[in-house]
Amino acid sequence: MHLTRRQTLGLAAAAVAGTTVAGTSTAQAGTDRWVRETLRRMTLEQKVGQLFVCYAYGPTADTADARNTSLYGVATPAEVVRKFHLGGVIYFAWTDSVKDPQQIARLSNGLQGASLADSGIPLQISTDQEYGVVFRVGPPATQFPGAMALGATRSPEYARQAAGIGGRELKAVGISTDFAPVSDVNVNPLNPVIGVRSFSSDPAVVAALAAEQVKGYQRDGRIVSTAKHFPGHGDTATDSHTGIPVISHTLEEWTRIDRPPFEAAIRAGIQSIMTAHIVVPALDPAEDPATLSKPILTGILREQLRFDGVVITDSLGMKGVRDKYGDAEIPLRAIEAGVDQLLMPVDPGLAYNSVLDAVRGGRISEARIDQSVERILKLKLQTGVVEQPYVDLSRVAKVVGTPANYAAAQRIADRSTTLLKNDAGLLPLSPAPRKILVAGYTPAALGTALQNRGATAVVKDTGATPTDAKIDDAVAAAAGADLTVVLTMKAWDTEVTDKQAKQQKLVNALLATGRPVILVAVRDPYDVAYFPTASTTLATYGYAAVSMEALAKVLYGELAPTGKLPVAIPAQPDPSVTLHPFGHGLSFDQRQTRLTVASYNIHAGAGEDNVFDLDRTAQALKALNADVIGLQEVDVHWDARSEWRDTIAELAATLGMHAGFAPIYDLDPPTPGQPRRQYGVGVLSRFPLVRTENHPITRLSTQDPNPVPAPAPGFLEAEIDVRGRRVHVYCTHLDYRADPSVREAQVRDTVKILAGDRRKDLQILTGDFNAEATAPELAGLWTRLTDSWTATGTTSGGPNTYPAVDPVKRIDFVTVGTGLHVLRVAVSPEQAASDHRPVVADLSFRP
């Protein structure tokens, strides 16, 4: 389809003016001339049609769809455009308009052809591509984090970059208008419809980022940007889709809170503003919805804020605008209030004919219609759709979803993740392989990201309203996992989203397991207030793949979280108390790699009955949540369990870990016919063992009637690779019965063995001594290595437990060499029938 001669008038002006309102005097003259001539040749029916932006069903312009026939009386999208002389169309997934970029581009070209054949005027094709949780054009188009995620970055540069790239991708498929950015200030945490669609609760943050997005869409992307929802939808507790929200702000509060973002957008050159179906008595005492309010749209928006661009309604099918007046009256009152474009009337034929009849009957003058049509025509000319109504199908793949665009989206997401609580010191996770349950809302993308990092991810998608069966299934899966990550989506909203609070039930059930749980609010950050016992919480503000990848990076310490809350989070059940203030956000040193090491004496698994139970021991070991566990005194004769090499292998298989074992003694059975008694030390590791070695060390030979010190095996070395660093984990049980000479020999042997490692390698010693922590013979060892409990100061004198051979005590320990930093240490509570308590040390080092 070729442009007519009339259409070509002013094209040079459009090329010069681009997406900005201002241009040279010559360009402006050309623009005005094209608009005047086009307006002069239009029929009234065509003029009225320009006011309407409607949807049509079908993936192509010529697809017949019974839904079109029912709504419009014609079958195909092209016929809908021609019948009502539409000024614009809007795309949704549910209208089959946005299957993939090529399909969208072909549909756009087909609809433009229909419009040009009808009136010679191209369509304004639009959609709601806010990104984050509201988008219409999905992958492979680039999916950017949404507004609140951008607010968490505090970066105007990122805001503009996302809008610029997004605008170029939309333009490439024929979409010339994006109904974004959301310019509402979300000051109400219970807002059911805005939430993370807003940049922030701070008017200054919203104003700054909204203005940059206007520049990105219009100057960089060269499409129309639409600020919404005027005069400000951020303090509502009612969804205008289902009711009429009433904003109780005073004029002073509106001026301070709601006005600044729209004012900033107008200063930035915004070409379109969308109205809100909200009642603001302070701005209009008649309490009409803003969409139908002349004091708000003409008095404030046009006259006070001096906006002369296109004003478009929000969808006229929403309850917030339909309750007070009938569907035939609504479009008339909107036009009388100052609206230019009418979006998605419930009955398009009724609305269209109602406007026609109002003009023919004199209620609305044709001059008033011309006023709006002139603005719409200018908008189309300035956007470039008059000059180039069709898109080049061969260029779509070169623009949409490119690797560079994906990388830009990931960079932005990487800066948005916000760490709210890390009370258990769980983050960052070590790089060790582990079994992770990922449950909750849309967990698949995070599961994939964790799998890519070596985890075994068990994904349980329980949705926004989990059933009891799904909750039970997730809790059962948590018992077999090393870690659970649970994702919530508006778990706070028990009025609309999750009426039975099943998400809250799911999270609380997982927390009650006692296993490590990471809670992530993947939409509204306010969710975390409803789970005060959760010790590790984060907010991502969206669940797009880039946000889940960024979350995985933070969990594993590949990047330090830098997001800062763009809203305050009130506590529950008392919202007058602030749980997390505006600007809150924790971080850590991403240059440090995390490693958790435990020392565990196998006696602790014997229980009160002093009988070894593999399952009981496995659960106790799992509860340590350690990457490496040193096992001591693997020595008690329990029938077939005397074969400890096999038993430790079975433990490792149960826990999904790698095992090493070093016998100290292989003793004759105390009773003939029973298995020989193995006595030794072992290592369990989430990391594969590169090498193991059983070093000899001075010991007392308890096999002899008169024990004498002699070299014997039983000093286990297990070498692992952690992000390119060799880590030597030594496990020993030093049982020298308080003999100072043996102590000295064992310390001397230990230091000698440790000295055999390369200087750049890392060393960790786990085990237990029968000694006092202050025994002088141990001084050489304590100075060679850093004692974890001394470094943290969390216990007094070391984790000494029950006296063993009085006055000597058993000292269970984890000590570290140069290059390792002790972050924290924990000593488990005393367990009955055991004189040992496991020691768990969180360590870090630089790769």
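Reply: The account below starts with the overall model, turns to the sheet and the rings beside it in sequence, and ends with other parts of the chain.

This is a predicted model, in which local features need a pLDDT of at least 70 and side-chain atom pairs count only at pLDDT 80 or more, while totals for chains, interfaces and linings use all residues. Residues are numbered from 1 along each chain as its sequence is written, and side-chain values use heavy atoms, with hydrogens and water left out.

The protein chain has an average pLDDT (the predictor's confidence in each residue, from 0 to 100) of 88, and 86% of its residues score at least 70. Residues 636-641 fall below 50, and this stretch has 17 contacts in the model beyond near neighbours in sequence; contact means heavy atoms within 4.5 Å. Residues 791-808 are also below 50, with 45 contacts in the model beyond near neighbours in sequence.

The chain contains 27 helices and 29 strands. Both are DSSP runs numbered from the N terminus: helices are H or I with at least four residues, strands E with at least two. Of its 847 residues, 62% count as buried, where buried means under 20% relative accessible area, exposed over 50% and partly exposed in between (1.4 Å probe, protein chains only). Among contacts between residues at least 6 apart in sequence, 74% join residues at least 24 apart.

Now the sheet. Eight strands form an open sheet with parallel pairing, in the order S7-S6-S5-S4-S3-S2-S1-S8. Two strands pair if DSSP finds at least two bridges between them. Strands S7 (310-312) and S8 (342-343) are the edges, each pairing on one side only.

Within the sheet, S3 (residues 124-127) and S4 (residues 177-178) run parallel and are joined by two bridges. Thr127 has Asp178 of S4 as its bridge partner. Asp178 in turn stands opposite Ser225 in S5, and S4 and S5 are likewise parallel, with two bridges between them. In S5 (residues 224-230), seven of the seven residues are buried, so this strand is largely enclosed by the rest of the structure.

Rings of Phe, Tyr and Trp (its six-membered ring) pair if their centres lie within 6.5 Å; planes under 30 degrees apart count as stacked, over 60 as edge-to-face and the rest as tilted. The structure holds 12 aromatic pairs. Tyr55 sits in the loop between S1 (52-54) and helix H5 (66-72), and Trp94 in the loop between S2 (88-90) and helix H7 (101-119), so the pair ties together parts that are 39 residues apart in sequence. Trp94 also pairs with Phe92: their ring centres are 4.6 Å apart and their planes at 20°, so this pair is stacked. By relative accessibility, Phe92 is buried at 5%, Tyr55 is buried at 13%, and Trp94 is partly exposed at 41%. Ring pairs also link Phe52, Tyr72, Phe84 and Tyr352 into a cluster.

Antiparallel pairing occurs elsewhere in the chain: S22 (residues 709-722) and S23 (residues 725-734) pair in that sense over eight bridges. Ala718 stands opposite Val729 in S23. Two residues lie between the strands of this hairpin, where Arg723 takes a positive phi near 50°.

A helix gives another view of burial. In H23 (residues 614-624) the buried residues are Leu614, Thr617, Ala618, Leu621, Lys622 and Leu624. Down the helix axis they fall within an arc of 145°, so they line one face of H23; the arc is that of the directions from the helix axis to the C-beta atoms. Asp615 and Ala623, on the other side of H23, are exposed. Asn625 follows H23 and has a positive phi near 55°.

Finally, Tyr530 lies in the loop between S13 (517-521) and S14 (536-539). Leaving aside neighbours within four places in sequence, Tyr530 is in contact with Leu190, Trp492, Gln504 and Gln572.
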